[in-house]
Amino acid sequence: MKVEIDSKSGFCFGVVYAIQIAEEQLDKFGKLYCLGDIVHNNVEVERLKEKGLIIINHERFKNLKNCKVLIRAHGEPPETYKIALKNNIHLIDASCPVVLRLQKIIKIGFDEIIKKNGQLVIFGKNGHAEVNGLVGQTKGKAIVVSNISDINKIDFKKPIYLYSQTTKSLNEFYNLEKEIKIQLQKEKSVNKLITFDTICRQVSSRDSELRIFAQKHNVIIFVSGKKSSNGKMLYNVCKDVNEKSYFISDINEIDKNWFDISDSVGICGATSTPRWLMEKIAENIKEINILK
């Protein structure tokens, strides 16, 4: 059995940066609060918890004082920074630079579109940490659209600025744009749609790269945390080109019946999947081969 790990799978640079900062703080002080899961991968989160990382929600954050709190790569809304200032919380900001840039773009866009009596629409997962941060730039007034069936939230008689969560599918984003244009034509609206392609290219390029990788192998093992929206999207890319694609979060979910001795097995993952976990899974699959 041949086993190959996709060289382009694993942490994006934003996640690498956040984890690096967390580990530096933990090595120095042995304890650090983190606002939400540092990464949408339960195995990596547990590893960091063992080093002293304490995951907190926003309710607990409001009651903390005089301490350090890490902001993960997803970013935070302005309200988080106000609470930190009020409670003398030292924020260690590991927000992804791509997300921070998008927050600024959306804030500027919101100020513009409000003057036109228009709407700011974000293509993203409602309730996702990054999306919450983006909506916060609009004082909570942005319209979040998760898929084409959500576009009834939009008033097609008003101007529209369209943005995207950084980790969404490029094809789905442009399909949404196309459908909005169709609805505008139906309404005979004179208002224009202005689209801002704000999808991270490190993420969007994974689609085409994974299709090639998944076609190379008989079996694909896709490794991701179950909370990762990016993981779900990329797994579906693999499944689309290779029916023998299996989604797992850890070693204990591997089924030896998925493999034959003659198989070529590809291991890949989300932008929130640690390399060490994919390597651990590869070794386990090789052992299955020996036992067979």
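This is a guided tour of the structure above, stop by stop.

**Before starting**

The model is predicted: local features need pLDDT of at least 70, side-chain atom pairs count only at pLDDT 80 or more, and totals for chains, interfaces and linings use all residues. Residues are numbered from 1 along each chain as its sequence is written, and side-chain values use heavy atoms, with hydrogens and water left out.

Helices (H or I, at least four residues) and strands (E, at least two) are DSSP runs, numbered from the N terminus.

**Stop 1: helix 9**

Select residues 229–241, which form helix 9. The expected span of a helix is 1.5 Å times one less than its number of residues.

Now colour the buried residues of helix 9: Ser229, Asn230, Gly231, Met233, Leu234, Tyr235, Val237 and Cys238. Buried means under 20% relative accessible area, exposed over 50%, and partly exposed in between (1.4 Å probe, protein chains only). What do the buried residues of helix 9 pack against? Show helix 8 (201–216), strand 10 (219–223), strand 11 (245–248) and strand 12 (264–269). Contact here means heavy atoms within 4.5 Å.

**Stop 2: helix 8 against helix 9**

Keep helix 8 and helix 9 on screen. They pack at an angle of about 35°, with their axes 8 Å apart. Axes are lines fitted to C-alpha atoms, for helices over the stretch in contact, and angles run from 0 to 180 degrees between N-to-C directions. The crossing of helix 8 past helix 9 is right-handed. A crossing is right-handed if the near helix is turned clockwise from the far one by less than a right angle, and left-handed if anticlockwise.

On the helix 8 side, select Val203, Arg206, Asp207, Leu210, Arg211, Ala214 and Gln215. Facing them in helix 9 are Asn230, Met233, Leu234, Val237, Cys238, Asp240 and Val241. The residues of this contact divide into eight nonpolar, two polar and four charged. In this grouping Ala, Val, Leu, Ile, Met, Phe, Trp, Tyr, Cys and Pro count as nonpolar, Asp, Glu, Lys and Arg as charged, and the others, Gly among them, as polar.

**Stop 3: aromatic pairs**

The whole structure holds nine aromatic pairs. Rings of Phe, Tyr and Trp (its six-membered ring) pair if their centres lie within 6.5 Å; planes under 30 degrees apart count as stacked, over 60 as edge-to-face and the rest as tilted.

Select Tyr161 and Phe196, an edge-to-face pair with 5.3 Å centre to centre and 65° between the planes. Tyr161 belongs to strand 8 (residues 160–164), while Phe196 sits in the loop between strand 9 (193–195) and helix 8, 35 residues apart. Tyr161 is buried at 4% relative accessible area, and Phe196 is partly exposed at 24%.

Next select Tyr235 and Phe247, also edge-to-face, with 5.4 Å centre to centre and 85° between the planes. Tyr235 lies in helix 9 and Phe247 in strand 11, so this pair ties together parts twelve residues apart in sequence. Tyr235 is buried, with a relative accessible area of 16%, whereas Phe247 is partly exposed at 24%.

Then show Phe123, Phe173 and Tyr174, which ring pairs link into a cluster.

**Stop 4: two asparagines in loops**

Go to Asn88, in the loop between helix 4 (78–86) and strand 5 (90–93). Its phi is near 55°, a positive value in a residue other than glycine. Asn88 is exposed, at 53% relative accessible area.

Move to Asn117, in the loop between helix 5 (97–115) and strand 6 (119–123). Here phi is near 60°, a positive value in a residue other than glycine. Asn117 counts as exposed at 52% relative accessibility.

**Stop 5**

Select Gly75, in the loop between strand 4 (68–71) and helix 4. Is Gly75 buried or exposed? At 0% relative accessibility, Gly75 counts as buried. Leaving aside neighbours within four places in sequence, Gly75 is in contact with Ser95, Val99, Gln103 and Ala129.

Gln137 is in the loop between helix 6 (129–136) and strand 7 (143–145), and is buried at 12% relative accessibility. Not counting residues up to four places away in sequence, Gln137 touches Glu76, Pro77, Pro78, Gln103, Ile106, Lys107 and Phe110.

**Stop 6: Lys62**

Finish at Lys62 in helix 3 (residues 58–63), partly exposed at 43% relative accessibility. Leaving aside neighbours within four places in sequence, Lys62 is in contact with Ile83 and Asn87.
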